[in-house]
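Here is a short report for a reader new to this structure.

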Amino acid sequence: MISCRSSETGGLGKHAQLAYAKDDKAARTNGIHKPYKRAKPRTENDGLFTYLCMQLCEHQIGISVNLLSLLFLTHVFFPRARQHTRPFFHLSYHNSNTNAYGCGTDDLSFVALWLVIFVGLRVAIMDYILAPLARRGGIKTKKGLVRFQEQAWLVCYCICSWSLGMYIMWNSEYFFNLHGMWKGWPFREISGLSKFYYLAQWAFWIAQILVVNIEEKRKDYAEMFTHHVFTIALLFLSYGYYHTRVGIVILCTMDLVDIVLPTAKLLKYMGYAKTCDIFFGLFVVVWLFTRQIFFPMVIYSVYAHSPIDMEPGCYFYDGSMVPATSSAEYDALGGNVVWSNLVKAYTDREGPVCWNPTIRYSFLGLLLSLQAIIFLWFFMIVRVVVNVVRGNSADDVRSDDEGEDEQAEEKLESVKSGYEAQHVSAAPLEQEVGVESLNFGARKSNVAGSSSVRRSKTQRTTRSSGISIPGHGDHKELLGRIGCDKPS
């Protein structure tokens, strides 16, 4: 997969880099709004596919608006095409008798529409709402603005999705009732609100595949990418097998952490260190209860409760069923086949769908793989807390790509500083160094200070924090482990 995370100045010549740096400095000084990403000029070393990928990443708003406009105009001015465009704008398979909605392939069109909406909406909100808010909050550097925008968008979305999901669960019979997720299966029809929530969440996680390849690469990129793939697979299969109830429960469980942790990061970016400390502690507690206790309980319910509450057999659209004890008829209906039943909503939504206890292992495999990634992340969190309690230093966990970007920015600043020193003798030397690059050590005031600080890992400055731990005064490094470091 081609990544779109290359540096904005990568591939530019020395004079072009100098011009870019001067323009960037002028824009920051004058308060001129700069978009989240800027198109990178094509160079001779760029292949066509790489160039196209960069253009897609740099023009997300324009591409999204054009696609939505084309679809809307086609729907309005071409009546014969409306049978094909209507599923994009309306929830499909409405039953007027029950005022509920079925599931089927037309729902994929609705997912595609919201995928385009999320891609464009994310960048638009980041550029025109979150960026000005970040500047008012005292964040002025490019890296700080980008980090703030990314985390603030995640907070905005997860607050909306978690609130809607909890409202749906609150008004359901499976709110804090694990058996309620299975009794009455198959759930061929669900409420319009539940269907919208499920399809919108599906579209959002598909969009996250693009996002994870646009944002700065983290050290856990592989785990994050795998997490997104497993999440999308679970949404696809649970929707196709009418297991939307357990899907809603899991989505709500996951969203709460994605509110607390990004909020802690935002507070740190804006300089509220003590409040960030509080949210860090809250984050650990929320993670422990939602992802290490409740989520395994849901996995256990898949294993233990579903075979009890769901009688093995083939269920018909009219509510009748053929039990698995009628082996001949059960086998003839495909009761022992796994894949065709998992995607029944997409292939034959009015046909019989069969349940056998073996099918649950398909979901258990995906859920346990997801839990393995979650446990890996939690192990890293616990290790940091244990190290701090023991009085040891917490290691900097910035990603490799971020380090490379910082080195490139330092080289660019060196070129700019040298140019200014030659032409303006009285101009002060200006050099931007990220907090992560400083490793929180003692800083020297000469030009080579940034490199010497990186070499001096043993020198530490004593810092106060909202959490007092004997033998460890640098809690800022601990916050850096969860991404709460304040970028420069």
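## Aromatic pairs

This is a predicted model. By the ring-pairing rule, the count comes to 26 aromatic pairs. One of them joins Trp-114 and Phe-118. Their ring centres lie 5.6 Å apart, with 50° between the planes, and the pair is classed as tilted. Why tilted? Planes under 30 degrees apart count as stacked and those over 60 as edge-to-face, so the rest are tilted.

Both Trp-114 and Phe-118 belong to helix α5, which covers residues 107-136. They sit four residues apart, about one turn of the helix.

Is Phe-118 buried or exposed? Phe-118 has a relative accessible area of 7%, so this residue is buried. Phe-118 also pairs with Tyr-157. That pair is edge-to-face, with 5.5 Å from centre to centre and 90° between the planes.

The pair links distant parts of the chain. Phe-118 is in helix α5, while Tyr-157 is in helix α6, residues 142-170. The two are 39 residues apart. Tyr-157 counts as buried because its relative accessibility is 9%, and the buried class takes in values under 20%.

Trp-114, Phe-118 and Tyr-157 are among the members of one aromatic cluster.

## A nonpolar surface patch

Which residues form a nonpolar patch on the surface? They are Phe-72, Leu-73, Val-76, Phe-77 and Phe-78. Together they have about 520 Å² of accessible area.

Phe-77 is placed in helix α3, residues 60-77. Its relative accessibility is 57%, so Phe-77 counts as exposed. The exposed class needs a value over 50%.

## Arginines over rings

Two arginines lie over aromatic faces. Arg-291 is over the face of Trp-287, at 4.8 Å from the ring centre. Arg-360 is over the face of Tyr-361, at 4.7 Å from the ring centre.

## Ile-374 in helix α15

Helix α15 spans residues 360-389 and holds Ile-374. Ile-374 is buried because its relative accessible area is 0%.

What does Ile-374 touch, leaving out residues up to four places away in sequence? The contacts are Met-254, Trp-287, Arg-291, Gln-292 and Phe-295. Trp-287 and Arg-291 also form the ring-and-charge arrangement described above.

Ile-374 and Glu-223 are 151 residues apart in sequence. In space, they are 9.1 Å apart, C-alpha to C-alpha.

Note on methods:
Residues are numbered from 1 along each chain as its sequence is written. This is a predicted model: local features need pLDDT of at least 70, side-chain atom pairs count only at pLDDT 80 or more; totals for chains, interfaces and linings use all residues. Side-chain values use heavy atoms; hydrogens and water are left out. Patches are made of residues with over 30% relative accessible area and no salt bridge: like charges are joined within 9 Å, nonpolar side chains (Val, Leu, Ile, Met, Phe, Trp, Tyr) within 5 Å. Accessible areas come from the Shrake-Rupley method with a 1.4 Å probe; for residues, only the protein chains shown count as cover. A salt bridge is a side-chain nitrogen of Lys or Arg within 4 Å of a carboxyl oxygen of Asp or Glu. Buried means under 20% relative accessible area, exposed over 50%, partly exposed in between (1.4 Å probe, protein chains only). Rings of Phe, Tyr and Trp (its six-membered ring) pair if their centres lie within 6.5 Å; planes under 30 degrees apart count as stacked, over 60 as edge-to-face and the rest as tilted. A charge sits over a ring if NZ of Lys or CZ of Arg is within 6 Å of the ring centre and within 35 degrees of the ring normal. Contact means heavy atoms within 4.5 Å.
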